[in-house]
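User: Could you take a close look at one part of this protein for me, and go through the salt bridges and their surroundings step by step?

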Amino acid sequence: MRTAKPMRAQTLRTTLRNGIATFTLTHTTINQATAQALCTAVESIELDETIRVVLIAGSGQHFCQGVANAGDWERRVDWIAAIGHLTVPVIAAIDGDAIAEGFELALACDLRLVSTRARFQMPQLQRGELPSHGGTQRLPRIVGRTRALDLLLSGRALTAAEAEAMGLATRVFPAKSFATDVRRVVGDLAAKGPVALRYAKEAVRDGVDLPLDHGIRLEQDLYVLLQTTADRTEGIRAFLEKRRPTFKGS
């Protein structure tokens with residue numbers, strides 16, 4: 001079992017434990033220091049083959065309420081793009097508000113675990129602005145063009161129940177048990193083979209925009225590659241021996 005290794009920045013706390021990298025936003029808004037810390041943490045995670053899942057969460061009553069002190073630094077430090085480019089599965093634990101850039105951050109994650117008191121909103125148009133971190137592109141790919149336009153143009157807030165109904169929320173849990181439910185889901189994912197997790201994400205992410213036959217070819221290529229790994233051999237051996245596999249990411 002790996003021991004926790006806390007690495008602190010001004011408004012970001014990163015902890016590595018048992019194959020799970022947890023990024024905790026310690027303030028409800030993002031500033032340049034936090035954005036840079038997120039980019040640096042992402043670079044470290046991509047070089048660490050023991051990491052199987054990334055979890056992003058807020059530490060207070062909200063997930064993320066957007067950017068504080070917006071400026072040119074947002075073009076130089078594209079923290080949401082960095083999260084979106086991670087090759088391991090990324091889970092957002094959303095308890096409270098995911099507003100503006102906080103909503104865009106949630107969209108860049110692969111799965112969104114949501115508490116019953118969560119709220120989503122993209123109000124940039126009300127300020128005469130546009131989302132600038134992929135919101136206009138990721139949102140319609142998740143909920144469809146018409147729903148995305150409704151949310152973007154109106155700037156209205158979504159409840160957790162509404163988010164679940166339109167496929168934005170992966171799962172919704174009671175607020176009082178949210179932390180426990182998130183740990184269970186993330187722990188179950190981290191118990192799976194890290195190579196298989198990465199390949200599954202790659203197959204869906206890269207294959208969804210391909211013609212079907214090309215997507216199936218990508219799936220088959222990744223399947224063949226997986227058969228050459230030690231993790232695949234361990235998975236078969238563990239199944240035959242009726243025990244839990246010990247995956248090493250190789």
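Analyst: A salt bridge here is a side-chain nitrogen of Lys or Arg within 4 Å of a carboxyl oxygen of Asp or Glu. Side chains of opposite charge can pair when their charged atoms come close. The model is predicted, and with this rule the count comes to nine salt bridges.

The part to look at closely is a network in which salt bridges link Asp150, Arg156 and Glu162. On one side, the side chain of Arg156 meets that of Asp150 in a salt bridge, at 3.0 Å from N to O. Arg156 also forms a salt bridge with Glu162, where the closest N and O atoms are 3.6 Å apart. Are these residues buried, partly exposed or exposed? Asp150 counts as partly exposed because its relative accessible area is 33%, and Glu162 is partly exposed because its relative accessible area is 33%. Arg156 has 32% relative accessibility, so Arg156 counts as partly exposed too.

Leaving aside neighbours within four places in sequence, the residues in contact with Gln121 include Gly155, Arg156 and Ala157, and among the others are Ala98, Ile99, Ala100 and Phe103. Gln121 counts as buried, because its relative accessibility is 15% and buried means under 20%.

Around this part there is also a nonpolar patch on the surface, formed by Leu125, Leu130, Leu149 and Leu153, which together have about 390 Å² of accessible area. One of them, Leu130, lies in the loop between β8 (119-121) and α5 (135-143). At 61% relative accessibility, Leu130 is over the 50% cut-off and therefore counts as exposed.

For comparison, consider another salt bridge, in which the side chains of Arg198 and Glu46 meet at 4.0 Å from N to O. This pair links distant parts of the chain, with Arg198 in helix α9 (residues 194-207) and Glu46 in helix α1 (residues 32-46), 152 residues apart. Arg198 counts as buried because its relative accessibility is 19%, whereas Glu46, at 30%, counts as partly exposed.

Key:
Residues are numbered from 1 along each chain as its sequence is written. This is a predicted model: local features need pLDDT of at least 70, side-chain atom pairs count only at pLDDT 80 or more; totals for chains, interfaces and linings use all residues. Side-chain values use heavy atoms; hydrogens and water are left out. Patches are made of residues with over 30% relative accessible area and no salt bridge: like charges are joined within 9 Å, nonpolar side chains (Val, Leu, Ile, Met, Phe, Trp, Tyr) within 5 Å. Accessible areas come from the Shrake-Rupley method with a 1.4 Å probe; for residues, only the protein chains shown count as cover. Helices (H or I, at least four residues) and strands (E, at least two) are DSSP runs, numbered from the N terminus. Buried means under 20% relative accessible area, exposed over 50%, partly exposed in between (1.4 Å probe, protein chains only). Contact means heavy atoms within 4.5 Å.
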